[in-house]
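Me: Hi! I have a new protein model open and I'd like to get to know it bit by bit. Can you walk me through it?
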Amino acid sequence: MASAFDSAALMLAPVPAPLPPLRQYIGLSPAQFQALQRGHGVEPDPYSGRFGLRDNPEEALNRGYTFNTWEPPSKKRMADSVQNDKENLEQMANPEDGDPKKYVIVELNITDLGFRWLSMEGRLQFNREGQLRLYGALFNEVRDANGRLLYQVGENVQQPIP
């Protein structure tokens with residue numbers, strides 16, 4: 001009598017190879033990068049609670065200059081917040097006029113399992129093409145309960161970029 005499952009057919013089924021990691025880039029301050037190197041988690045901006053991940057280092061740097069100088073309007077700043085943000089951006093564009101923030105551009109490699117897991121947990125969200133949002137703290141490496149790699153900081157680091 002033949003079994004319901006043909007064991008020979010199951011052995012011939014190809015097992016898909018894991019996808020290569022999704023490579024994203026993030027701009028960190030030198031202090032954030034040092035904390036990451038010491039094995040500490042790096043907290044995102046308290047206002048948004050997230051890190052902006054980009055497809056290439058240039059976009060990560062632009063994101064840092066655009067968003068890391070912005071502050072949410074407060075009662076005190078309501079009237080002049082647009083002017084203040086404009087001045088901050090102009091200062092970033094003209095480093096000789098002031099001391100621009102410096103950023104370390106870090107490569108983040110997200111495995112296919114990590115992409116699925118972080119997405120299901122609501123920690124990784126698609127924003128628009130070339131832009132992902134990572135919610136919560138950033139670590140050098142994150143593994144699941146079974147020890148499988150979800151993401152890790154890559155060796156490709158550009159530091160510090162004015």
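Me: Let's start with Asn109: is Asn109 buried or exposed?
Reply: Asn109 is buried, because its relative accessible area is 11%. Buried means under 20% relative accessible area, exposed means over 50%, and partly exposed is in between (1.4 Å probe, protein chains only).

Me: Before we go on, where do these values come from?
Reply: This is a predicted model, so local features need pLDDT of at least 70 and side-chain atom pairs count only at pLDDT 80 or more, while totals for chains, interfaces and linings use all residues. Residues are numbered from 1 along each chain as its sequence is written, and side-chain values use heavy atoms, with hydrogens and water left out.

Me: Back to Asn109, then. Which strand does Asn109 lie in?
Reply: Asn109 is part of strand 3, residues 103-110. Helices (H or I, at least four residues) and strands (E, at least two) are DSSP runs, numbered from the N terminus.

Me: And what does Asn109 touch?
Reply: Not counting residues up to four places away in sequence, Asn109 touches Pro21, Leu22, Arg23, Leu150, Tyr151, Gln152 and Gly154. Contact here means heavy atoms within 4.5 Å. The side chain of Asn109 also makes a polar contact with the side chain of Glu107, at 3.2 Å. A polar contact is a pair of N or O atoms within 3.5 Å; within protein, one must be able to donate a hydrogen and the other to accept it, and residues adjacent in sequence count only if both atoms are side-chain atoms.

Me: What about Thr111, buried or exposed?
Reply: Thr111 counts as buried, because its relative accessibility is 13%. You'll find Thr111 in the loop between strand 3 and helix 5 (112-120). Leaving aside neighbours within four places in sequence, Thr111 is in contact with Pro21, Leu149 and Leu150.

Me: Let's zoom out. How many helices and strands does the protein chain have?
Reply: The protein chain has 5 helices and 7 strands. Along the sequence they follow the pattern α-β-α-β-α-α-β-α-β-β-β-β. Of the 162 residues, 31% are buried.

Me: Okay, helix 2 now. Which residues are buried there?
Reply: In helix 2 (residues 30-37), the buried ones are Phe33, Ala35 and Leu36. They fall within an arc of 160° seen down the axis, so they line one face of helix 2. That arc is taken from the directions from the helix axis to the C-beta atoms. Ala31 and Gln37, on the other side of helix 2, are exposed.

Me: Which residues touch the most other members in the largest nonpolar core?
Reply: Leu53, Leu108, Leu134 and Leu138 do, in a core of 21 residues. Strand 3 gives the most to this core, with 4 residues. A nonpolar core is a set of buried Ala, Val, Leu, Ile, Met, Phe, Trp, Tyr and Cys residues joined through side-chain atoms within 4.5 Å.

Me: Nice. Last topic: how do strand 4 and strand 5 run?
Reply: Strand 4 (residues 124-128) and strand 5 (residues 131-135) run antiparallel, joined by 4 bridges. Two strands pair if DSSP finds at least two bridges between them. Phe126 stands opposite Leu132 in strand 5. Their hairpin has 2 residues between the strands, and Gly130 takes a positive phi near 80° there.
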